[in-house]
Amino acid sequence: MRPDLVAKYGEARLPRYTSYPTAPRFSPTIDAGTYGGWLAATPAEKPVSLYLHIPFCRSMCWYCGCHTTITQRDQPILDYLHMLREEVRLVSVTARQNLAVDHVHFGGGTPTIMRPQEFYDLIRVLRDRFGFTKDTEIAVEIDPRTLEREMATALGEAGVRRASLGVQSFDSVVQKAINRNQSEEQTMEAVARLRRAGVDSINFDLIYGLPHQTVQSCVNTAEAAIVMLPDRFAVFGYAHVPSFKKHQKLIDETALADAEGRIAQAEAIAATLVAAGYRRIGLDHFGRADDNLAVAQAGGQLHRNFQGYTTDACDTLIGFGASAIGRTTKGYAQNEVPPGLYAQKIAAGRLATVKGYRLTEEDRLRAAIIERLMCDFSADIPAIAAAHGFDPGVVLESNARLAMLEGDGILENTAGVIRLREEGRFLIRAVAAAFDAYLDQSARTHAKSA
């Protein structure tokens, strides 16, 4: 990529656009009553997705940007899981119907920090309160360092068929710098345990831009991971925000690559994965040709939500647990972030909603454009605008960001059909940002809250 474009766009702190509008736009004007009304209005004939947040880990990885709590004791986890089951009951009562479920995702933190029986109990409550079918996809995020054989067996028996394993980097120097020691052997054993249990789709998460990472160490990690034959990779850039995540102050900023170095690392990983037969999917995913994400992208049916790229086309995503975000056709709702405050509200028999956002018709238009750009690297603006009842001029006219990107050769704009040039795909978030009506306001809000 041209160095001048890296310098101009590469250092920008832009959203990942897993939602639009993004979380800094959320407001306390959306409360439990609002969200409860939205849940009650959920159409019975349309399936929903569920996300369950388990905000606990045994140790802190210094690069982590998630909402999580470090505990060596089991009791806080048991107390939290009790509240989580209560929230499932409360939401199902509020929704007034046994909603059918297409997708379930357990995120963290470390979801597999719970014991097998606790996971069985949670799945049982979900199945009692929602409509599961043989096609309901259940996915779990896993820390390979702590996955025991009994838990892997429990996941398979409970119906989990997709697992996402945190790998990040196999470089021992990098691991020491981020406080995460994880051997290739540990990871390989976790994969073997999952496959023996029937969890037949494995995803690896890799990170570039970590302290002391080099292009070669990124390639070495990718090559070691490929040997384990995962079905899919997610390759993320480390976001260094120590003002927002205090533990990131433990990372040596002088050991971090600049924007050009980060791009070089990301492209080296991409080249290694593509050479091994994986297909590029969106900005940061790679899958085998028969992986359902690759199939969805080829058919123009790839989607994007809070978990990243997905085949999940559900309009409603119900979030459970501390900090979890839900989405309905009306808007977004987020739970209390601190587990203690979350538990207090659930124990009192109330939804834990603390803030959210009510969508406008223009928000829906812009969200649709951004999703297609993030998934397809192109968007037919006139067609999308017509489908939403808008004139395309609403988003195209006086769009200075878009004109600048076109002038810099990053994209082509042919009568409102936007196509990103191949060499500029790493800057897709800058293109999506051209259709974000709140970007400057959100940046100011985020900086103030951080």
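Begin by selecting Tyr 20, Tyr 357 and Tyr 438, which ring pairs link into a cluster; rings of Phe, Tyr and Trp (its six-membered ring) pair if their centres lie within 6.5 Å, with planes under 30 degrees apart counted as stacked, over 60 as edge-to-face and the rest as tilted. The model is predicted, so local features need pLDDT of at least 70 and side-chain atom pairs count only at pLDDT 80 or more, while totals for chains, interfaces and linings use all residues. Residues are numbered from 1 along each chain as its sequence is written, and side-chain values use heavy atoms, with hydrogens and water left out.

The structure holds eleven aromatic pairs. In one of them, Tyr 20 and Tyr 438 have ring centres 6.0 Å apart and planes at 25°, so the pair is stacked. Tyr 20 lies in the loop between α1 (3-9) and α2 (32-40), and Tyr 438 in the loop between α16 (428-433) and α17 (439-449), so the pair ties together parts that are 418 residues apart in sequence; helices (H or I, at least four residues) and strands (E, at least two) are DSSP runs, numbered from the N terminus. Tyr 20 counts as buried at 3% relative accessibility, and Tyr 438 is buried at 15%, where buried means under 20% relative accessible area, exposed over 50% and partly exposed in between (1.4 Å probe, protein chains only).

Next, select Phe 130 and Phe 320, whose ring centres are 6.2 Å apart with planes at 75°, so the pair is edge-to-face. Phe 130 lies in the loop between α4 (116-129) and β5 (137-142) and Phe 320 in strand β13 (residues 317-320), so this pair ties together parts 190 residues apart in sequence. Phe 130 is buried at 2% relative accessibility, and Phe 320 is buried at 0%.

Then move to helix α5 (residues 149-157), where the buried residues are Met 151, Ala 152, Ala 154, Leu 155 and Gly 156. What covers these buried residues includes α4, β5, β6 (160-168) and α7 (184-196), by contact, meaning heavy atoms within 4.5 Å. After α5 comes Gly 159, whose phi is positive, near 100°.

Finally, show α2 together with helix α3 (residues 75-95), which pack at an angle of about 60° with their axes 7 Å apart; axes are lines fitted to C-alpha atoms, for helices over the stretch in contact, and angles run from 0 to 180 degrees between N-to-C directions. Gly 36, Leu 39 and Ala 40 of α2 make the contact with Val 91, Thr 94 and Ala 95 of α3.
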